[in-house]
Structures are given as C-alpha cells and as structure tokens.
Amino acid sequence: MTTASYSTRSPPRVEAPAAPAVRFDKVSCRFGGHDGAAYTAVADVDLDIAPGEFVAVVGPTGCGKSTLLNVASGLLEPSSGQLSVFGHRLVGLNRQAAYLFQADALMPWCTGVDNIAAGLQFRGIPRAQAQEEARGWLARVGLRAYGDRYPHQMSGGMRKRVALAQALILDPPILLMDEPFSALDIQTRQMMEDLLLKLWSANRKSVIFVTHDLEEAISMADRVVVLSAGPGTHPVAEFAIDLPRPREVSEIRLTPEFVRLHADLWQVLKQEVLRSHAHAEG
Amino acid sequence: MPRVKKKGISHATVMLYRVLLLIAAFVAWWGLVKIDVLPRFFFGDPIQVLQRLLRWFTTGTIFPHLADTLLETMLSFVIGTASGLVVGLWLALSPITARVLDPFIKAANSMPRLIFAPIFALWFGLGIWSKVALGVTLVFFVVFFNVFQGVREVSPVVLANVRLMGASRAQLMRWVYLPSATSWVFSSLHNAVGLAFVGSVVGEYLGSARGIGYLILQAEGVFDIDSVLAGILLLTVFALILDQTVSRIERRLLRWQAPIQAQTLQA
C-alpha cells in the first residue's frame, strides 16, 4: 500500500483500479424528527475509499458517523445522492460488505462456531464444511477452545473476536466497522486492534472504521477523515497517515510522528467537538 | 438441570420444606374439619379424599375418564400451540395483514371464550372434539400474542447482521425468527398448560359422558364433596406433570439463554 499524501477531495489515485471500492456521491440523509421537523444527519458527503484502503472516520459523538456506514451497507437508503460500490450504484443490501456493529450482533442462540459458519451456510455451503472453515477462523482469532460456547458464556472481547471471524470468513472486499471495540477495556481493545491489523495486512480489504477515538484512528488507518459536528455532518478534513506498517498499536502511539499527527488532527477535531457541545447546549 | 447450591440453601433442603409445607396444609385442613371449624359437608375430609383417589386407581374406574381428559388436553395444547406459532409468525412478518386483522384479533381475545362451549358442543358433538376446540381457542391466543411479540422484539442489530451475511427470507426465518420466538413461546406454554386443562374440564362439565370434569359434575350432583376434591387434586397433579415436561423441553431447547429466570420459579 502506498502512502501518498492526500489533499481533501482528491481524485482516485492513479495506480488503483478505476472504480473506488466505496464512493459516496453527494449523500444526504434526513430523518423525521420528534416534532415533525426533519433532521439532516449527514449532508452532501463526498468520500472515496480505494480498494484495500483502511480509512478511519472520526467526529464528535452523535454526528452521524454510523449513518454513513448504514448507507454504505445498504441498510439505509440516502435521502439524496448515491452510493456506488466498485463503480456500480448500490441497490438494496451491499453484498460486498461485512459490517461489524458497535452492539452485539451475534445470534445468541448459536454457538461461536455456528455463528461464524452461518454466513457460509447462507451461501449454500454444507454445514460440515462450513463448520470446519469456521473452526479455522476461530483459531485465527485466538478462540480455538471456545467455539462451542454460546455468546452469553463469552466475555465482551471474545464476542468481538467471534464477530470479526464472522465478518471475515465471507471474505468481503469491504469491511464496515462502527466503533467495534469501544465497549472493551483498554488492554483488550489494543489486542483487538492488533489482531484486526494483522488479519487486514494478510488480506487487504477496504475498511471504513468509524470511531471517536483519535488514537485508535491514527494507529490503524491509512487515512483519517474528520467529520463536522451535526446536524448536516460532512467531511471537513483528511489526513494521510504515513506511519510505517506493520504497526503495533500500543507502541506506535509513542513515536514522534504519531504525536505530531495527533496534535494536527486534534486541532481540527477540537473545533468540531466544541461546536457539537455548543449545539447540544442550545 | 444441574442441582447447584444457590444462596446457601441446597435443593434437597428446598424440597424438604416443600414437602413439609404440603403436609402442614393437609394436616391443617384435616384438623380444622375435625374440630368443626370448617364444616365437613362443604370442605370434605382429606383422608376420605385420598382414600377416594386410591379407590379410583385400585378399581381402575378412573382410567377411562383420565384418558379422555388427558387426550383432550394434549390435543388442544398441541393444536393451539402449533396454530398460535404459525399465525403469530405470519402476522408478525406481514405487518399489513396484522394491521387489518388487529381489531378482530383483539375482539376475539377479549370475548369470554368459555361461552363458546355450548356452541362447540353443537358443532362437534359431545365427544372429545368439542372440548379440544374449546381448549384450542384458549391456548391459541396466549401463544399467538407471545410469538407475535417475540418476533417483533428480535434485536434489529442481529437481524441487520444476518441479512448482511446474505440470509434469504427462509433462512432468516430458520436462523433468527424461529429461535427468537422460541423463548417467548415457552414462557407462554406454562400458561397454556393450565388453559388446556380448563378447556377440557369445562367442556366436559357442560356436556359429556366421560372425563374428570364429568366425574366432578356427577359427584357435585349428589353433594359428594370428597370426590369433587379428589378430582380437582388429580387434575392439579397432571397439570403439574405437564408443566414439568414443558420445563424440561424448555431447558433443552433454550440452552443458549443465560440462566436467570429458570432458577427462581421453575427450579
């Protein structure tokens, strides 16, 4: 992966295939509010994610970051604008993408292995074969011995590992992640970040990683997009993260380049966070 | 179910207390009747009641009655549950139909359905089927409302996740809706067991030639309070057995649930 620097709204890079993995084209989403007034969550978002690129999206809480992922996954249709996946306009669900939710999304009535194997079985692969492949993924996420547990018998970190395996076993070219590790304690969280980076380096997918944690964003991504405060969220800045890979998230945070990037990004994000607070306080 | 120690009291101790409580109730009943606080004529005599039960079983006269009542109960339980499940899933997954049918379902549920017993007797005769029909109308709604609610309460995140993993409509049903509804069905089945018995006994009471309800009606006609109470006791025991069976199946099917509620009442 190259680490070419980006200015905002850059054209697709030359060496990449012509179509971006995901392209937001003037995407806006409006919702009916409680009092009948429409609330514009995101407004006129233009954003390209190249194949194999890891993009982190940061912004103040409640700014509509998840809305962007819902649009990218096809769960939510934009009110205006359009979303293209590898050059094709998205209609219905995005079958090229896997979604890692912030909340638990495992089927509580299935064991870990069954949860991981489910996607393959939906594709018509026989149960035995799907289970065998699921066991392989279970080992890759470090849960070899825990496959027969039900989700309620696992810790939060273990459930996230299962969810990660569940997403990756389908080998989707696009991975959408909505603050997937935000509920975990800090040590578990760093382990999960390293695990994700390891798996991603082995098989590079386009990742849209939504987070409100700047450190998490910088230590993992190729590019960090800063969103404005809501309502009418849109990207306000982009930073290319040219830190060398492979990265170790707990160590990279101590390097001077990281600290410099963090300071630059925080300058921009701080404005939006303040604005978001001002808006919330009315 | 593993008999684990809970809150410093073992299962054996709990059982002991339960048996003691039961014996105490019988002794109190017996004593109060003996010293004439409760009139023997209206409250019977526990010893006589137990003797009556014993005689029913030793002479075998109870078996055709018991067989009829149990058959009716099982049939109304199974048919009512199955139809409640199917209709519940169907309506929960087709919101338009559900909206159209909503007032009719509410009306059917809120009317006193026992009133239908004489009509069912006309439609289905005095055999078991009029009682089954009555039991089904009682069981159906309990299960139906629970399934309907259960499907609507499927976690939207789980649903979105499974849809994104590429599940078809049939696969969603098999992987998400059915297992999710199962826990709701089972919580309704405990009520349904009692209602299935109500259906068959009330049906028998209103017109039949066999069954525990018939037996109770006959005994009442000659003011034989001991037989009435023996019949009630017998029904209670079988309702408990059926309820236990439901609990056992529930524990097997709902292994995936965190054991919270199972410990308190159904242990």
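Predicted model: local features only at pLDDT ≥ 70, side-chain atom pairs only at ≥ 80, totals over all residues.
# Notebook: chains A and B

**Phe223(B), a loop residue.** I started with Phe223(B), which sits in the loop connecting helix H10 (212-221) and helix H11 (225-253) of chain B. Phe223(B) is not a glycine, yet its phi is positive, about 55°. Is Phe223(B) buried or exposed? I find 10 C-beta neighbours inside 10 Å, so Phe223(B) counts as exposed; the cut-off for that label is 12 or fewer.

**Chain B overall.** I went on to the rest of chain B. DSSP gives 12 helices and zero strands here, and the pattern along the sequence is α-α-α-α-α-α-α-α-α-α-α-α. Along the principal axes, the C-alpha atoms fill a box of roughly 70 × 55 × 30 Å. Of the 267 residues in chain B, 33% are buried. I also checked the contacts with a separation of 6 or more: 74% of them in chain B link residues 24 or more positions apart.

**One helix pair in chain B.** I picked helix H4 (residues 62-93) and helix H7 (residues 128-152) of chain B. Their axes are 6 Å apart and the packing angle is about 35°. I noted the crossing of H4(B) and H7(B) as right-handed. What kinds of residues make up the contact of H4(B) with H7(B)? I have 20 nonpolar, eight polar and four charged.

**Where B meets A.** Next I looked at the contact between the chains. It involves 16 residues of chain B and 19 residues of chain A. On the chain B side, the elements giving two or more residues are helix H8 (156-164) and helix H9 (169-206). H8(B) gives the most, with seven residues. By type, this side of chain B divides into 12 nonpolar, three polar and one charged.

**The mixed sheet in chain A.** Over to chain A. I traced an open sheet of six strands in the order S6-S7-S8-S3-S9-S10, with mixed pairing. Strand S6 (97-100) and strand S10 (235-240) are at its edges, each pairing on one side only. Neighbouring strands of this sheet are turned by 15° against each other on average, direction ignored.

Strand S9 (residues 223-227) in turn pairs with S10(A) in the antiparallel sense over five bridges. One pair I wrote down there is Val226(A) with Ala237(A) in S10(A).

**Cores.** Then I asked which residues touch the most other members of the largest nonpolar core, which has 82 residues. My list is Val55(A), Val57(A), Leu176(A), Ile208(A), Phe209(A), Ala221(A) and Val224(A). I followed up Val224(A): leaving aside neighbours within four places in sequence, I get contacts with Ala56(A), Val58(A), Ala217(A), Ile218(A), Phe239(A), Ile241(A) and Leu265(A). Another core lies apart from this one, with 45 residues, including Val132(B), Val147(B), Val193(B) and Leu242(B).

**The antiparallel sheet in chain A.** I found another open sheet, of four strands in the order S2-S1-S4-S5, with antiparallel pairing. Strand S2 (38-49) and strand S5 (88-89) have a single partner strand each, so one side of each is left without a neighbour in the sheet. Two bridges join strand S4 (residues 80-85) to S5(A), and Val85(A) stands opposite His88(A).

I looked at Asp44(A), which is found in strand S2 of chain A. Its phi is near 50°, a positive value in a residue other than glycine. With 16 C-beta neighbours inside 10 Å, Asp44(A) counts as partly exposed. Last, I checked for a cis bond: one joins Arg245(A) and Pro246(A), with omega about 0°. Pro246(A) lies in the loop between S10 and helix H7 (249-252) of chain A.

Terms used: Residues numbered from 1 in each chain as written. Chains lettered and ligands numbered in written order. Core = buried A, V, L, I, M, F, W, Y, C linked by C-beta atoms within 7 Å. Buried ≥ 20, exposed ≤ 12 C-beta atoms within 10 Å, placed from the backbone. Contact = placed C-beta atoms within 7 Å. Pairing = 2+ DSSP bridges. Axes fitted to C-alpha atoms, helices over the stretch in contact; angles between N-to-C directions. Left-handed = near helix turned anticlockwise from the far one by under 90°. Nonpolar A, V, L, I, M, F, W, Y, C, P; charged D, E, K, R; others polar.
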